[in-house]
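Hi everyone, thanks for coming. Let me walk you through a structure that may be new to you.

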2 protein chains.
Amino acid sequence: MGELDAVLKEKGVKLTEQRRRLLEKALLQHKHFSAEELYETLRQKRAGISRATVYRTLKLLAAHDVLDVHDFDRGYHLYESRLGRHHHDHLVCLKCGRITEFENPDIESEQEKVARHYHFKIVSHSHKIYGLCHRCRVGN
Amino acid sequence: MGELDAVLKEKGVKLTEQRRRLLEKALLQHKHFSAEELYETLRQKRAGISRATVYRTLKLLAAHDVLDVHDFDRGYHLYESRLGRHHHDHLVCLKCGRITEFENPDIESEQEKVARHYHFKIVSHSHKIYGLCHRCRVGN
DNA sequence: CTCACTTTGAGACTGAGTCTCACTTTCATA
DNA sequence: TATGAAAGTGAGACTCAGTCTCAAAGTGAG
């Protein structure tokens, strides 16, 4: 059994050929990807996975914290592998779409203060900064 | 000319009956509302505004900073009047849907530091904390 | 191996939001 | 206050990400 199988097994997720093949592609991805993109990639590789299964499996993997889902107001979700990665937030360029990741412990701890104040139990958060990236500002 | 007309005029937005009527309802709203909700309200009041115009006008008002748009991952947007209000962010309860507002200057300034570091010009941001609100935690 | 239970695929369906285009309204200027 | 270019509107068709259905196939505990 491969390493990827272990990832699913550990989560108590039933192993199927489709899930294995999808997971393999999804974890190899070096950037954010959409369900449609992944479906198209798999279709071209003749992986034999239907659109419905792609959507279902991505949702499943996100629910099991294998993937992160992001909504950058594009009308569809972007996914990102979570394996071996730290939590991070994003700077989103409104002009070129470039997404830059950032980590800031001070924001995280302030956030916890806020939650404590409202007796709120944090499950997750999403912090996005929209604007112009360096390149787009200087006119590239 | 009413106060609301002035709001639109100031932004250089052409005044139409539909916009006036929509703006009036939108600014009276005390909580977040969706385009469909507003359309339904207006329809029941026989305001004579089409669905297309509701969507178009909300977008326009948001572009002119009269309204804020929020995406709480519900599959549609929620709007909120911006007039006379401070910027704020949100705690979103995953169980009951309750939305609580918060303001935290420290987060805002840390955010500016982050942007500066990446030579990024902030236009807007969205910071949402998902989890369980006080009531849902204690089992109400 | 068996079988209860789960997953899959094809394609119909949903629902928020956009587009089209003929018709109407607005408002700067005369 | 009349005029007309430019902008806005409505009905309903359309888009498109995502979900649902249900018969058939696959999975894995015992």
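Let me start with a definition: buried means under 20% relative accessible area, exposed means over 50%, and partly exposed lies in between, using a 1.4 Å probe and protein chains only. Please keep in mind that this is a predicted model, where local features need pLDDT of at least 70, side-chain atom pairs count only at pLDDT 80 or more, and totals for chains, interfaces and linings use all residues. Residues are numbered from 1 along each chain as its sequence is written, chains are lettered from A in the order in which they are written, and side-chain values use heavy atoms, leaving out hydrogens and water.

First, two cysteines. A:Cys96 is partly exposed, at 39% relative accessible area, whereas A:Cys93 is buried, at 3%. How far is the sulfur of A:Cys93 from the closest cysteine sulfur? That sulfur is in A:Cys96, 3.7 Å away, so it is too far for a bond. A disulfide needs two cysteine sulfur atoms within 2.5 Å, and the search over all chains finds zero of them.

Now, the interface. Counting heavy atoms within 4.5 Å as contact, 34 residues of chain A touch 34 residues of chain B. In chain A, A:Tyr118, A:Phe120 and A:Ile129 lose the most area to chain B, together 18% of what that side buries; here buried area is the accessible area (1.4 Å probe) that two parts lose on being put together, summed over both. For chains A and B that comes to about 3,100 Å², with carbon and sulfur atoms giving 63%.

And salt bridges, meaning a side-chain nitrogen of Lys or Arg within 4 Å of a carboxyl oxygen of Asp or Glu? Across this interface, the rule finds zero.
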